[in-house]
Amino acid sequence: MLYSDFYAGVKAEIFSSEIKSQNSDPPMDLGLAEDHFSRPVGLFVASDVEQLKLAIEECKRLILELPEHSEKQKDAVVKLIHLRLKLQELQDPEEDEPNLQVMLEHRFSKEKSKSVKQMCDKCSTIIWGLIQTWYTCTGCYYRCHSKCMSLINKPCVRSKVSHQSEYELNICPEIGLDKQDYRCSECRTPISLRGIPNEARQCDYTGQYYCSSCHWNDTAIVPARVIHNWEFEPRKVCRSSMRYLALMMPRPVLRLKEINPLLFNFVEDLVEIRKLRQDILLMKPYFITCKEAMEARLLLHLQDRQHFVENDDMYSLQDLIDTSNGRLSCSLTEIHTTFAKHIKLDCEGLLL
């Protein structure tokens, strides 16, 4: 429920700022006395930015004092929403923000969702969909507040995927914080393993260290660990690596017989997959000359893995994941059976 999500976020914010608010100016009249709770929208007593900020702080204090989950407390939360909306209007008066903005190869689309569960990738704070404008890159899904747009310095990860479609194939290639000058690899913020001034977090994919704004402790399956160890446990990676790996996952860029040919000696399922792919490649010339096969569009059974009808040695990370969990073997065996049945039983002739 949207109200409960917003309410939880408001309470967390209020408790974090409670100590600061104890020494602020005397409370001001918000029109929130008992007789006025029947009209939570009402008229705003505060009219300028400073008054609104004071009113917001007083409203937050009032929410803490009222009985938990009471109607009065809910009305106070509604009042807080309207105070914030009013403040937003005064700070950003009637700006007509474009629906699409392009910068650093990002294509940002204005979001209409009012969800309050999103986080800004630039400032690492909550995006309050109810009262803030925000954008999402349609290429790499980078999210940010409208106010943070001008501060973005990270190019779209999709452009890297387009220009550099290859993985780091060394396992966690650490170079050490000293080689990074004790700074975040991405934004150059000072960092250290002691957390002073900022915590250093290592990305298992790049091996480098990042600040908490660039590394949120997201996890992802790391290609190097899969290829060399056949290990699929998700590891902690920075935000840019997480996006890059997600976009790269379906791309067939891994030539296993060159990177680690011994893998076929230890993973029986890979041997089976390779044999099925070789058989399918032998069937392909028949299908492209068979009228019935063309009409039935049999090769479209592999439209999600187009490389399977082009070669037998290129794999995507998704292929390896599906091999490990058994899904690829089952689906490819079924497709192979369908193809073989058409050739042996269903086909009545060739297209001349």
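I looked up Arg-225 and found it in helix H5, residues 223–229, where helices (H or I, at least four residues) and strands (E, at least two) are DSSP runs numbered from the N terminus. I note that this is a predicted model, in which local features need pLDDT of at least 70 and side-chain atom pairs count only at pLDDT 80 or more, while totals for chains, interfaces and linings use all residues. Residues are numbered from 1 along each chain as its sequence is written, and side-chain values use heavy atoms, with hydrogens and water left out.

I checked the accessibility of Arg-225: the residue counts as buried because its relative accessibility is 13% (buried is under 20% relative accessible area, exposed over 50%, partly exposed in between, with a 1.4 Å probe and protein chains only). Leaving out residues up to four places away in sequence, I listed its contacts (heavy atoms within 4.5 Å) as Ile-171, Cys-172, Asp-204, Trp-230, Glu-231 and Arg-235.

I then turned to helix H11, residues 317–324, and found six of its eight residues buried, namely Leu-317, Asp-319, Leu-320, Ile-321, Asp-322 and Thr-323. After H11 comes Gly-326, with a positive phi near 90 degrees.

Last, I traced the strands: S1 (residues 100–103) and S2 (residues 106–110) pair in the antiparallel sense over four bridges, pairing being called when DSSP finds at least two bridges between two strands. Met-103 stands opposite His-106 in S2, and in the two-residue turn of this hairpin Leu-104 has a positive phi of about 50 degrees. S2 is also joined by three bridges to antiparallel S3, residues 134–137, where Tyr-135 is the bridge partner of Lys-110.
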